[in-house]
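Subject: Handover of a structure and notes on its pockets, cavities and selected residues

Dear colleague,

Please find the sequence and the structure below.

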Amino acid sequence: MRKVAWAAMLLLALTGFAWAGQGTWELTLGTNAAPSSGFLAVSAVDENTFFTIGINQNSAYGAQYAWRSTDAGSSLQCIYSAEFGGGDECEMMNLFTFMIDGDWYDVDHGVIAGMGVPQSCIEENEFPACMFVCMFQMKPFIWSVSDGGDTFTLTDESGNITKTIVDVKVVGESIFSCGSNGLLRRSDDFGTTWVDLPPPETGMNSIMNDMWWLDTDTGFIGTGAPSEEKANVKGEPNTYEELMAAYQANVNYNQYVHGGAGRIELQESGYKMHTDGKAAFGNLYKTVDGGHTWEKIYDGGGVYSILKVQFLNEKIGLIMTDEPVNENGGLSMILVTHDGGATFEKATLPEYGPSGSSMYAIDDVRMITPSLGYAACAEKSGFSYYSLFMVTTDGGLTWTHDTFSVVDGYPGNPNGYALIALDFAGPERGFAVGMNLSAARYTGTNDGPTADAGDDFQVMVGQEAQLDGSGSTDPDGDLLLYQWTLVEGPAEVTFDDPNGEQPIFTPTTAGSYTFELEVSDIEFQSTDQVTVTVVPGQPGDDDDNDTVVDDDDNDDNDQGAEGDDDDDSTGGCGC
């Protein structure tokens with residue numbers, strides 16, 4: 001999961017807009033023969049490999065759920081499927097499996113989240129009783145993979161049909177899953193054991209839609225749900241009718257969250273009324289202790305849901321909500337923060353789709369450098385749905401429609417079929433997937449930055465000192481992430497902002513201090529060092545504040561041979 005590695009980079013410094021490095025998209029897969037099939041999630045591993053999950057009913061009694069591509073999206077290999085070949089009719093219950101989300105750490109290791117019927121129930125009951133009994137036992141599933149997808153191991157099947165996993169993330173050996181009705185779990189041994197975490201919100205109509213983890217301690221969760229009437233889940237199901245209502249509610253909401261044509265159709269049918277003010281929550285939470293406690297950093301006011309979250313660090317991030325730009329046009333909103341969520345700024349988005357009057361919904365959004373990012377969207381024009389990309393080159397504040405092409409031999413609609421998810425292995429390669437088993441490939445360029453920590457200088461004990469990384473450059477014009485660290489010195493120092501372009505500290509001990517600046521455009525990093533010499537003295541000794549002790553500055557009438565640096569209008573300057 002390359003996005004977690006990138007997230008370890010620190011604060012975004014707004015040094016200018018970037019127009020260089022923007023890449024191109026091309027559709028590689030898609031078919032008119034699979035109108036009810038599609039991919040729901042994608043995880044990019046390297047320039048040639050990605051994994052995707054979804055559903056394709058490939059036969060009357062068979063379904064496919066997970067695929068792998070090793071040729072940059074030119075083809076896909078199914079790696080998980082279910083097939084009923086006759087015999088025990090209860091085995092048909094395996095076709096009630098569906099996969100919702102997935103995340104891969106490398107070409108071998110990944111996790112997939114979904115729902116299914118426990119095998120124990122299928123084996124313990126006879127037909128037709130199993131068809132009813134086992135439906136009541138449907139529950140969230142998590143599978144882990146450690147061999148590239150050749151073997152799927154069911155590692156977690158806690159909860160019940162009222163709990164649905166909406167998002168799953170891998171951070172090293174740790175796995176986090178979240179969803180509806182307070183479902184929030186963590187495993188630190190890649191799925192062998194699990195613990196429940198205290199959710200930031202509870203209740204049948206509170207749903208944790210998306211997570212972003214910078215590391216195993218620091219993470220963010222966005223919440224939201226349809227209005228209570230539309231959710232249609234009032235409590236634990238006790239009858240078959242209530243069970244099917246809960247099942248359908250889970251299906252509908254996952255359609256809504258994961259977007260595509262499904263979200264547009266649901267919104268058009270009144271599934272989520274933006275004007276009734278009864279949507280549950282819609283807040284953003286942050287944890288710094290691995291999910292054991294949560295702080296609300298954005299209050300959605302109970303009107304709009306947060307559907308996507310991404311943070312480059314603890315200060316810089318964005319959220320995507322279902323607030324419409326126009327009820328008959330753009331059905332999504334992006335908000336950007338540069339202060340850790342204290343304030344959010346609404347991005348400027350197109351009011352309509354590319355045709356000038358069409359509806360569109362953003363289904364996934366991702367920054368791939370501090371400047372450059374893309375959104376995967378579904379566009380509805382007439383009665384048809386099409387693929388749509390949007391691009392930002394100013395850190396997410398302004399978005400415009402992007403163009404794409406098709407590869408030779410592309411078998412589908414040249415306008416695509418509605419995109420649902422995207423992910424990047426780096427600024428030079430990304431993938432998007434969507435309806436009709438469609439996939440797209442991104443190709444970009446990127447050159448690394450050069451760090452410049454400034455010139456060595458001298459300062460006195462107790463005097464403010466300012467480091468300067470403003471000379472750092474990037475050949476693409478990318479915005480840069482800054483990280484300052486003390487490499488060597490007689491005492492620790494405290495920066496006002498260790499991730500700023502020009503941080504300030506006040507030394508308390510004399511000696512030589514070496515600082516290292518690391519700048520990053522997310523893919524590439526560069527370092528440089530600067531030495532600050534701290535000499536004995538007290539605040540006020542250097543009255544001219546030139547950070548150089550070059551005469552007796554604490555004497556108003558020094559009249560030193562080197563001049564009167566204290567600018568007292570008397571002395572050696574001849575004034």
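A pocket, on a 1 Å grid over the protein atoms alone, is an open set of points with protein on both sides within 12 Å along at least five of seven lines, whereas a cavity is a set of points where a 1.4 Å probe fits but cannot get out; lining residues have an atom within 4 Å of a point. Grid points are joined across faces, edges and corners, and a volume is the space filled by probe spheres set on the points.

This is a predicted model, in which local features need pLDDT of at least 70 and side-chain atom pairs count only at pLDDT 80 or more, while totals for chains, interfaces and linings use all residues. Residues are numbered from 1 along each chain as its sequence is written, and side-chain values use heavy atoms, with hydrogens and water left out.

Helices (H or I, at least four residues) and strands (E, at least two) are DSSP runs, numbered from the N terminus. By class, the lining of the second largest pocket divides into nine nonpolar, four polar and one charged residues. Here Ala, Val, Leu, Ile, Met, Phe, Trp, Tyr, Cys and Pro count as nonpolar, Asp, Glu, Lys and Arg as charged, and the others, Gly among them, as polar.

The largest pocket has a volume of about 840 Å³. Of the 34 residues that line the largest pocket, Ser36, Leu40, Ile55, Val251 and Gln255 are the closest to its centre. At least two lining residues come from each of β3 (38–44), β4 (50–59), β5 (62–69), β7 (98–104), α5 (240–258) and α6 (261–268). The largest share, seven residues, is supplied by α5. The lining of the largest pocket has 18 nonpolar, 15 polar and one charged residues.

Cavities

Four cavities of 30 Å³ or more were counted. The largest cavity has a volume of about 240 Å³. It is lined by 27 residues, and Asp101, Asp167, Lys169, Lys308 and Arg366 lie nearest its centre. Among the elements that give two or more residues to this lining are β3, β7, α5, β19 (306–311) and β23 (359–367). The lining of the largest cavity has twelve nonpolar, four polar and eleven charged residues.

In β19, six of its six residues are buried, where buried means under 20% relative accessible area, exposed over 50%, and partly exposed in between (1.4 Å probe, protein chains only). Strands β19 and β20 (residues 317–321) pair in the antiparallel sense over five bridges; two strands pair if DSSP finds at least two bridges between them. Leu318 in β20 is the bridge partner of Gln310. The two strands β19 and β20 form a hairpin with five residues between them.

Six of the eight residues of α6 are buried, so α6 is largely enclosed by the rest of the structure. These buried residues are Ala261, Gly262, Arg263, Ile264, Leu266 and Gln267. Their cover includes α5, β19, β20 and β23. Just after α6, Gly270 takes a positive phi of about 90°.

Two serines

Ser332 lies in the loop between β20 and β21 (333–337). Is Ser332 buried or exposed? Ser332 counts as buried because its relative accessibility is 0%. Leaving aside neighbours within four places in sequence, the residues in contact with Ser332 (heavy atoms within 4.5 Å) include Arg263, Met320, Leu349 and Ile362. The side chain of Ser332 reaches the backbone nitrogen of Ile362 at 2.9 Å.

Ser526 lies in strand β36 (residues 525–535) and is buried, with a relative accessible area of 15%. The side chain of Ser526 reaches the backbone nitrogen of Ala451 at 2.9 Å. Ser526 and Ser472 are 54 residues apart in sequence and 9.3 Å apart in space, C-alpha to C-alpha.

Yours sincerely

Note on methods. Polar contact = N/O pair within 3.5 Å; in protein donor to acceptor, adjacent residues only side chain to side chain.
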